[in-house]
Structures are given as structure tokens and as C-alpha cells.
Amino acid sequence: FFEALENLGLSLHHAQQEAVRHHEGPLLCLAGAGSGKTSVLTARAAYLMAVSSVPPESLWLVTFTNKAAAEIRDRLGRLPGITPSMARRVQARTFHSFALRLLQAYAPPFTLLAEERSRYGFMKRVLRELGLQEQFEAETALASLSALKSRAELPEDWQPKSPLERDLRRAMLRFEEQKQERNLKDFDDLLLDTIKLFEAKPELPVKLARRFQFVMVDEFQDSTPVQIALLEAIANAHRNLAVFGDDDQTIYTFNGANHRYITTFQERYPDAIRVTLDLNFRSTPAIVGLGNAIIKHNQDRLSKTMQAVKPAPASSAGTSQQPYYLRPNDAEEEAMLMIEKIQELKQQGHAYQDMAVLYRSQSVSRAMIEQLTMEGIPYEQLGREPLFYDHGLVKPVIDHLRLSLQPRDKEALGSAVACLYISREQGLRYIQQQEKERAKKYPLVHLASCQGIASFQQEAVKPRIRYIKKLASMKPALAVQDMRREFYDKFTQAASHADSSAYQDASAELLEELESSAKRFDTVEAFIKHIDELAARYDAQQATGSTNARGSRTEPYAPQQQARQETKAKSAPVDTPYHARDAEEADDKLTLMTIHRAKGLEFKTVFLLGITEELLPHRTSLRKKPPADKKAALTEDRSDRSAAMAVTDASRSQEEDVKLQLVEEERRLLYVGVTRAKNQLYISSPVVVHGDKQEISRFIKEAWQQ
Ligand code: ATP
Ligand code: MG
């Protein structure tokens, strides 16, 4: 088997082979980035089938994304002794996709609320029904609900601590009730409902354990409590459980993930075979060195150092052996410099598809996406993010600006209606009817006399029109700032009580970025003209084959989003011979994505954007008061730490402790970003972030100082 593998161009070293040969019983493969964990997992699946004659149906491989599942199936098909049909029969799935299958097979029929948008609309209606629409944004309520469920809590068990939280709980309960009445489930329900199903039908996990004799989990460090429960319900029957992961790459704790599942795996499975891989096959020595130098500053980790085995590449013109650092003035200049570099590499014969641009959040990528779009450079965005200006939080602001110039713009009118807490459909219908009888310069004014809405809503209409008129002559950046206060600040305040910090941070960041963007223009008219041109180009590019759908909205930090996406995007190009390469020029596109989504992937050249203080580490991890939900989650964890840790904990204030953990997660995020690069790495740290001068990320400075 190993010889055949070698002939295909992959010669596994001793420790890797040991893991591949492992047959029954628990296995722990805890190893650094690029050490071949995913390769070993895949090879072991092939070995079990080809050498140990295990039927493909007996394997369940858990991946973190659907894309990774597709890639493993694809790779499997090319390993020795594996026919394409065998590869297809292996269950390579995410937890969510596995649970969905189970529920479809064994639970009463239901409809999946697959679109984030429909979930959002649903919550909006619930909030209106309960008269809470002025207290919470639908996103806030949804994010809070998701945060609870990822910790396997239900709204009925949640103890609200303030009147506001009581209202929030009411909204959550009603949302759940209405979903049940209509036989709907959303992604948060899939795992919890599967656990419930197992409780109701205890014979089911037994049956599944008999079917899935071998279970392997990739990216185990980011598993959540609910996922672990699902896993153990099946795998504990035979204990043929092999987990692969790297505690240094835990980047989803906001989602309930906890790297202690991997670091304590051997306590729960004392008979587990432990395989350590410390050779990094992916990156050049300089990149591996930087990764090591960054992550060693984390305290809460198992100490391991990666050793590069790839030789340093012979230096060629235009490519840099050492990571290349840039310090542009702002995001606009950052995009310009990066694009220059990208074009230079392209001219030297590097393909776009070997390059990836990674960033912490969608806001950070705004300028880059704008410039790529305007210049017509082909790119693909993983994660189906809407165009920045179409984002659910940004669009209402833009629409009000638009309305100040074009009071009859129907789409923009819809936003204005919704911002008055009136149902968009109902409001627009009413306006349309009235317009037929007597057209008004500001059609919105009809709502002031609409019978179907509450009097406080009627009364708000005229002041809002006066407000909109005023916007037309303002500087666009000031107008954005003003609208932020007018529309969002109260929501943000509500959210800060409401256990949904990720959403809150994301929204603040989006609006600040919008302000930065608006600063480039002197008039509202010029700003809107730019956005229209950008949108037209963006749509034209999307129409030519990319998987992005403009307008399908997702939140940058939305929990489980990553696992949810059924991305049809092509697998990351890798240059090992057992990988199919699709180098068609027409398909040659740059990849853009958040670092969170890049986990497990690799690219020849990686560009990291926004590696500046306040962006990475993100300011939320630096501010004094930790967000409520993190605090709660971390306090609970305190109990299961080792005694030694507890002593140091006692001498540290709890707040500092939480802060440290948040900063460490940020450091891991940078570590994940850096270790995606195979040959070249460009790190950019813009000076001005949302109007303030900031230092280069402390994580980079620490790494330089040794
Ligand atoms: P991550 O932690 O980022 O998920 P990983 O540990 O899963 O990384 P892989 O993606 O499996 O690492 O492997 C990294 C790269 O190293 C891949 O390109 C893979 O083909 C290559 N590789 C793995 N093992 C070997 C080997 N023994 N010889 C040569 N190349 C190898
Ligand atoms: Mg991997």
C-alpha cells in the first residue's frame, strides 16, 4: 500500500504510517499545521478499505466543511486500491450534514430553513408580533439563540438576568414555537434534535455504531459539546474513534468549540494510541519559522514546534523567500499594493488560483474587493458573502442616502419602511395604492395616514422624511455616522446585554468601514454613483460563473456558517501529483476568504490583510469588559482545568483571564492564516484603521523580537 502510495508521489514517513496502519481502538493525532493530518486521515480510510477489507459503508469521516468532505472523497478516489465507487460510498460529511441525513431518515418529515434570510424574516415577524421590533434586531435575537444552542442550552432553560433579556427570551421561545408549528428546523436544530432522537430511540445509535465501524474526525479541536455528544453516542460502542487536530488551530470558541476535548482526549480514552507528527510538509522554512514564533507566545497550549522539511526555494525574481511585510497607509493603499504584487506574480507565470487573500472579517476585505472588481481581476469569494454595500446592516444606510436623492426608488423605499418597523410588504403595498390616487414627491409620506399601522409609527413618518431630505446635502461620511446613531445605536446597546457579542461587534465594524469608505467622496451623489458602478461590475462578474450570489446575506461571524455552506467551489489547487489540476485559464481565479474559512486549506501564495492592532487582535478581545457570553462560557470551563492551572488562575483576576484567552484565540487565528502559505507569504498592516492610527499587530512584533 505504502509503496503504491509512493509511486503516486506521496511517501509517508514512519509516524504517519503508524497512524495509517492503526486498526481498532481510539487514536489521537495531535499535530501542527501542515504536518499531514488530513493526508493521514485520508490514507487511513483508504488503507482500511484496500488492505483491511473494511467495506466503504463502514466509514464515517467527519470534516469541518462540505468543501473539505468533497475534497477528501475526491482524494480518496485516487489512492491505491480505491475505485471511484468505493470513494463515493464512504460517508465523508460534516456533523450538520450527517445529522440532517439522520433526521431525514428517522424523524418525522420537516422543512429545513436553509437560507439565513428566511430565518431572519421569520424572526423579524416574531419580533413584530410581540411588539419587540424596537428593542432587538432580528440578527441580535438569532445570534443569541444560536449562541445558546451551540452550548446545548434551550431558551426555556436560560435564566434571563434583566427585563431586556426576559424579552429576548420571549422572542426566542416564540420563534421556536412558530417553527415547530410549521414543522421547520434551522441549522442550530439539527444536532440537538439528533441527540433528542437518540434519547427517544436508544436503539438508533446502537444500530449506527454497527453500521459505522470506524469513525474519524478532522479538525477535532473545533468540535462543540453537542458535536462531541453526537460523536460519542455512536463511537463509544466500539471505540474505533480516531481524532485529528491541532490545539493551536482552535478558532471557533465563540461557537462553543473547546480545544480541551482534544488536549484531554487521552484522559477520556486512556488506551488511545497517540501519534505525533512534527514535520511540516507544507511551507518553506521561513514560513514555518514565523508560525512557530507566533504561536509560542500562547500560554494555554501543548508545546510543540514544527520543523520544516521543504527546502527553501531557490530565490527567483519577484518571489520572496522571507515573509514580505507591508505597511500601507490604509485599506485602500493596502489593496492597491497587494493587487500590484498579485499582477506581478501573475505576469511571472504564477496562476491566480495558487493565490489566496485572507482576512479576519468582511469589513477588512471591503477595499480589496472593490478594487479587484473595478479592475476586473477574476476572483472567487468563499463563503458567499454579499457585496459589502448589500450587507443587511449596510444596505439600509445606503438606501436612505439613495432616497435622499431619489425619493421614489422602490427598493430604497422598502428599506425606509422597514426602518420604521413597518412590514416591508404591507408598507410598500399601501404606498403603491396611494400613489395611484395622488402621487407625492416623497411617497413615504403616505404612511403617515396609513390606518393599518400603530400611531407611533404614523407619527414617525414625517420626521423621518425631513431627516432623509437633510441627508442629501451632507458629507457622505457624516451622513453615515449620523444614521448609525439614528438607527443602530439603540440596538447595539440592547445587544450588549443580550449575549450576542459577535453579532454586535460585526455590525459596529461594518458601519465603521462604511464610514471609511464614504470618506473618499465629497457628495452623497458621488458616493452612490460609485456604489452603483461597483454593483454593476460585481453583478457582471458574478454572472460569469462564480458561485457567489449577490444579496444572499450571511453574517461574518455567524456560528456554523462555515459548515453550512454547500459550496460548489473548486477544491484548493495543490501541486502534489495525486491531485487533479484544473489549470484552465478561464477558471483561473484568485481566492478570497476569511481566515476562519481557510482552515485546512493551502495555497502557494497567501496575502494576509489587516494585520494591525484592533483588527488582529480584534479590539473586542482587547477591551476591558469581556462580552457576556464568552465570560459565562469560560467560567464554566474553569472547573475542568488541571490543578496547576487553577493555582495560577486564582492569582489572576477573572477578567484578565478571559481577556488573555480572547487574545490567545486571536493569535491562533493569525497562526492559521500564516500556515496556509506554501511558498510565499505577504503580510500587510495598514496604519489607519477606521480613522485611527494603529501599530502593527503585536503578534507580528513578538515574533520579530526573537
Ligand atoms: P492543517 O493543520 O493545516 O489542516 P494538515 O496537518 O492536515 O494541515 P495536510 O493538509 O494533510 O496537513 O498536509 C499538508 C501538505 O503536506 C499537503 O500538501 C500534503 O500533500 C503534504 N504532505 C503530507 N505528508 C507528506 C509527506 N509524507 N511527504 C510529502 N508531502 C506530504
Ligand atoms: Mg488538515
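**Around V357 and its surroundings**

Guide: Gladly! Leaving aside neighbours within four places in sequence, V357 is in contact with M338, M368, L590, L592, F607 and L609; two residues are in contact if their C-beta atoms, placed from the backbone, lie within 7 Å. Please keep in mind that this is a predicted model, where local features need pLDDT of at least 70, side-chain atom pairs count only at pLDDT 80 or more, and totals for chains, interfaces and linings use all residues. Residues are numbered from 1 along each chain as its sequence is written, while chains are lettered from A and ligands numbered from 1 in the order in which they are written.

V357 belongs to the largest nonpolar core, which has 93 residues, and V357, L358 and F607 touch the most other members. A nonpolar core is a set of buried Ala, Val, Leu, Ile, Met, Phe, Trp, Tyr and Cys residues joined through C-beta atoms within 7 Å. A residue is buried if 20 or more other C-beta atoms lie within 10 Å of its own, exposed if 12 or fewer, and partly exposed in between, with C-beta atoms placed from the backbone. Apart from this core lies another, of 61 residues, including L28 and W60.

Helices (H or I, at least four residues) are DSSP runs, numbered from the N terminus.

Two packed helices are described by the angle between their axes and the distance between the axes. For α16 (residues 331–347) and α17 (residues 362–375), the axes come within 8 Å and cross at roughly 50°. Axes here are lines fitted to C-alpha atoms, for helices over the stretch in contact, and angles run from 0 to 180 degrees between N-to-C directions. The helices α16 and α17 are therefore oblique to each other; angles under 35 degrees count as roughly parallel, over 145 as roughly antiparallel, 65 to 115 as roughly perpendicular and the rest as oblique. Their crossing is right-handed, meaning that the near helix is turned clockwise from the far one by less than a right angle.

Terms used. Helix = DSSP H or I, 4+ residues; strand = E, 2+ residues; numbered from the N terminus.
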